[in-house]
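Dear colleague,

My notes on what was found in it follow below.

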Amino acid sequence: MILTLLGFLMVITFMYLIMSKRMTGFAALIIIPIAFGLLGGFAPTIGKLMMDGVKTIAPTAIMMMFAVMYFGIMVDVGLFDGLIVQILKKVKGDPLKIIVGTTFLSIIASLEGEGAVVFMITCTAMLPLYKRIGINPVILAVICAMVTAVKNMFPWAAPTARVLAALKLDAAEIFNPLVPVIIFGFAYIALMGYVLGKRERARLGVIQIEDSMIDGIAKEVVSKNPEFKRPKLFWVNLIMTLTLMGLLLVEKKIGVSIPIIFLAGSALALIVNFPKVKEQQGRMLAHAKEALQVTAVVFAAGIFMGILTGTKMTDAMATFLIGIIPTGLGSHMGMITALLSAPLSFLLSNDAFYFGVLPVLNQMAATYGIGAGEIGRASLLGTPVHMLSPLVAALWLLVGMCDITFGDLQKGGIWWAFGLMVLNIVVALVTGAISL
């Protein structure tokens, strides 16, 4: 009972401090478990438990660091610039084409893994057209939010990285079974864009706009940091990126882990695009801030989970909760987790849900023979609803760029988000990513 009480108090304290913004996630993930570990009398072993946790999540931290660097380099060198220009020139003044173009542009931008990057690239390119033609900017915001929800299932995205750290899983255990879910999710968003585009075309009609305006927008988008652009290496970078993405799907067969794939890919991308040592150092420093922010939280999560698990607090909490949940529902923990992930990830921050609640759900599921991989995958299926939560900081950037209110985003996106969540669960059930 003492361990159970300590465990719940530790999780509640952690969740309260980060939700009330009295501590950052990084600080709370370190300080809170140490304090409760000492309070529980684990002082002699607490250092070892912390290091065990850090060692366990080190591969995830490496993957995150070099995934951020790799896709950051690809953005720097202009790999996606040509696509942006072509989309802008194709859509012209047709609302349907503009909105469908928005979906494809945001999907491409989502490869970088950071929601804010999706918003900045897509809104910078498309918002002037939305304003010129009179398309509702809420549509732009909803598309970006839903694409980010699907993107969150990439192993280098923040929610999945937290799942990997919290449950001590290999990236392939989460990502590979979710590939069909991701594909169907993007297809759903493309269909969503088509439906919304048809509505706007019916409302506004097709408007003729000057080619000079399109050229001006395209020039503004692609002219940023021209000294880093590498147009002559476009095909080299494209083939390198497609090869890297393909290796992610077969990493177990070739015996090379995802962190090593990204590490090697980042080194190759630097050498190919920036042969001079000073240029390589400059690009590494340019992306160091974002990489550090991501990996610091992951390493801190290792300390949190190392203490929570090593002291057997998770075992004690799970045993307590198992006594509450009806026996007949225990075998459905995968489905239960999927359904709970929507409201819990909406009401709680990423850190609070994935580091505070998910380990307890996983420990409960383990007693019924359900693997951590299934629970981890299930916890990501509710991300469409999560991406309408005011606790997602990047969404405030999105609504600000689109000049709408947060309520506009929620009102315009709630039913689309619910539909995407249902699709996620159905595809996951059919493909065996989770069980009923």
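**What was found**

K168 is partly exposed, because its relative accessible area is 34%, and this residue lies in the loop between α8 and α9. Please keep in mind throughout that the model is a predicted one.

Most residues other than glycine have a negative phi. D403 is another residue of this kind, with a positive phi of about 55° although it is not a glycine, and you will find D403 in the loop between α20 (393–402) and α21. With a relative accessibility of 65%, D403 lies over the 50% cut-off and therefore counts as exposed.

Turning to the chain as a whole, you will see that it has 21 helices and 0 strands. Its radius of gyration is 22 Å, which is close to the 22 Å that the globule rule gives for 436 residues, so the chain is as compact as a globular protein of that length. Along its principal axes, the C-alpha trace spans about 70 × 50 × 45 Å. The accessible surface of the chain comes to about 18100 Å², and 70% of this belongs to carbon and sulfur atoms. Of the 436 residues, 55% count as buried.

Which residues touch the most other members of the largest nonpolar core? They are Y130, M146 and F262, in a core of 152 residues, and helix α3 (residues 46–76) gives the most to this core, with 16 residues. In soluble globular proteins, nonpolar side chains tend to be buried together. Leaving aside residues up to four places away in sequence, F262 touches M63, F66, A67, Y70, F71, W156, L244 and L248.

The aromatic rings deserve a careful look as well, as the structure holds 8 aromatic pairs. In one of them, the rings of F154 and F175 have their centres 6.5 Å apart and their planes at 75°, and because this angle is over 60 degrees the pair is edge-to-face. This pair links distant parts of the chain, with F154 in the loop between α7 (137–151) and α8 (158–167) and F175 in helix α9 (residues 171–204), 21 residues apart. Are these two residues buried or exposed? F154 has a relative accessibility of 5% and so counts as buried, and F175, at 5% relative accessibility, counts as buried too. Ring pairs also link F154 and F175 with F186 into a cluster.

F234 and W235 form another aromatic pair that is edge-to-face, with 5.2 Å from centre to centre and 80° between the planes. Here F234 counts as partly exposed at 29% relative accessibility, whereas W235 counts as exposed at 61%. A ring can also meet a charge, and in this model the charged end of R283 sits over the ring of F228, 3.7 Å from its centre.

A157 and V294 are 137 residues apart in sequence, while their C-alpha atoms are 9.4 Å apart in space.

The other residue, I434, lies in the segment after α21 (406–431), and at 3% relative accessibility I434 is under the 20% cut-off and so counts as buried. What does I434 touch, not counting residues up to four places away in sequence? Its contacts are G334, M335, A338, E374, R377, A378, L381, I425, A428 and L429. By C-alpha positions, I434 and F80 are 34 Å apart in space, and in sequence they are 354 residues apart.

With best wishes

Conventions. Residues numbered from 1 in each chain as written. Heavy atoms only, no water. Phe/Tyr/Trp six-rings, centres within 6.5 Å; stacked < 30°, edge-to-face > 60°. Helix = DSSP H or I, 4+ residues; strand = E, 2+ residues; numbered from the N terminus. Buried < 20%, exposed > 50% of the residue type's maximum accessible area, 1.4 Å probe, protein only. Lys NZ or Arg CZ within 6 Å of the ring centre and 35° of its normal. Contact = heavy atoms within 4.5 Å. Rg over C-alpha atoms; globule rule 2.2 N^0.38 Å. Areas by Shrake-Rupley, 256 points an atom, 1.4 Å probe, with all protein chains shown as cover. Core = buried A, V, L, I, M, F, W, Y, C linked by side-chain atoms within 4.5 Å.
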